[in-house]
Amino acid sequence: MSGELYSGPIIDAHHHFWDLGLGKHGWLAGGSPSDELAPIRRNVLPADYEALARPENIVASVHIEANWDPADPAGESAWLDSLPRGEGIAARYVAYAALAEADAASVLARHAENPRVVGIREILSWHPDPAKRRMPDNDRMDDPRWRAGLARFRDLGFSFDLLISPHQHETARRLADAFPDIRFLVNHCGSPMDRDAEGMRRWREGLALMAGAGNVAIKISDPVAYDPDWTPASLTEVIQACIDAFGTERSIFASDHPVAGLHIGLSEWIAVFKQAVRGFSPDEQAALFAGNARHWYWLA
């Protein structure tokens with residue numbers, strides 16, 4: 001065991017950029033100065049991110065689709081390509097595609113033309129409580145049309161980012177088993193959104209179930225989304241549960257900046273994570289902070 005705080009390079013495996021002047025992020029439009037999204041209803045561009053990331057030794061990052069206009073899925077990557085930024089920042093993209101739609105094949109082919117695009121995310125999160133749903137239905141992962149779109153990843157070399165709730169972990173495991181040659185990356189700690197004892201039990205059991213498929217990894221990102229009144233102990237509990245399930249070889253540090261900034265700063269999150277994993281060996285810490293992201297997102 002190390003006991004030393006990690007001081008090496010970091011790869012941030014999950015963050016977003018947006019320019020509200022483009023009118024492409026409808027979910028951030030409107031609102032009021034006092035609503036919950038007000039602090040992130042501003043432009044977030046590479047210079048803003050790098051000012052926070054570089055002092056923390058973040059040497060590379062992965063940009064995840066940010067609910068850009070779904071009628072123009074390739075437009076986000078083209079816009080990202082146009083942004084001046086330092087080496088390593090947004091070195092890889094996870095783009096958006098609606099896999100069950102008739103045009104899925106052409107959208108995926110368009111994404112594949114961009115060498116920075118290495119994966120796809122289509123938000124699938126469903127919960128029995130309508131107030132906690134991101135999607136109205138819970139059958140996409142079993143839909144033959146959707147799976148036909150996913151099957152194209154084999155030829156394209158894409159991974160799939162899974163943003164789901166614990167009520168979907170069993171379905172996600174079946175999906176991973178059905179596509180053992182595709183990589184799946186669970187977002188945001190597997191979304192521990194139900195914080196009572198039963199909800200946390202369901203979440204932990206779901207993590208263990210998904211981790212039983214070797215083609216699934218987990219991003220330990222934005223735990224404060226479901227724990228806004230966090231303490232270092234509450235975040236450490238979630239971090240440790242993820243690592244207990246997936247091991248140090250399939251657990252990946254990530255931020256979800258700027259969304260996580262609603263409840264925790266980037267430097268603050270990194271400091272909590274470093275303290276939580278200081279008991280692991282130097283090699284294990286390096287894997288958690290950089291090596292695993294490098295492997296799972298094909299970073300050079």
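A crossover counts as right-handed if, with the strands pointing away from the viewer, the path from the first strand over the helix to the second runs clockwise.

A quick word on the model, then. It is a predicted one, where local features need pLDDT of at least 70 and side-chain atom pairs count only at pLDDT 80 or more, while totals for chains, interfaces and linings use all residues. Residues are numbered from 1 along each chain as its sequence is written, and side-chain values use heavy atoms, leaving out hydrogens and water.

Let's start with the sheet. Eight strands form an open sheet in the order E1-E2-E3-E4-E5-E6-E7-E8, with parallel pairing; two strands pair if DSSP finds at least two bridges between them. At the edges sit E1 and E8 (251-253), each of which pairs on one side only. On average, neighbouring strands of this sheet are turned by 25° against each other, ignoring direction. On the sheet packs helix H9, residues 266-276, which touches E1, E2, E7 and E8, contact meaning heavy atoms within 4.5 Å. The direction of H9 makes about 145° with that of E8. For such angles, axes are lines fitted to C-alpha atoms, for helices over the stretch in contact, and the angles run from 0 to 180 degrees between N-to-C directions.

Now, along the strands. E1, residues 10-15, has six of its six residues buried, so the rest of the structure largely encloses it; buried means under 20% relative accessible area, exposed over 50%, and partly exposed in between, with a 1.4 Å probe and protein chains only. E1 pairs with E2 (residues 58-64) in the parallel sense over four bridges, and His15 has His63 of E2 as its bridge partner. Here is our first topic word again: E1, helix H1 (residues 46-53) and E2 make a right-handed β-α-β unit.

The other such unit consists of E3, helix H3 (residues 104-112) and E4. E4, residues 117-121, has five of five residues buried, so it too is largely enclosed by the rest of the structure. What joins E4 to its neighbours? Three bridges link it to E3 (residues 92-95), running parallel, and three link it to E5 (residues 159-162), also parallel. Ile120 of E4 is the bridge partner of Ala95, and Ile120 stands opposite Phe160 in E5.

Further along, E6 (residues 184-186) and E7 (residues 216-220) run parallel, joined by three bridges. There, Phe184 is partnered by Val216 in E7.

Next, a helix pair. H6 (residues 169-178) and H7 (residues 197-211) pack at an angle of about 0°, their axes 9 Å apart. That makes H6 roughly parallel to H7, where angles under 35 degrees count as roughly parallel, over 145 as roughly antiparallel, 65 to 115 as roughly perpendicular and the rest as oblique. His169, Glu170, Ala172 and Arg173 of H6 meet Trp203, Gly206, Leu207, Leu209 and Met210 of H7.

Beyond its neighbours within four places in sequence, Asn292 contacts Thr248, Glu249, Arg250, Ser251, Ile252 and Ala287. Thanks, everyone!

Conventions
Helices (H or I, at least four residues) and strands (E, at least two) are DSSP runs, numbered from the N terminus.
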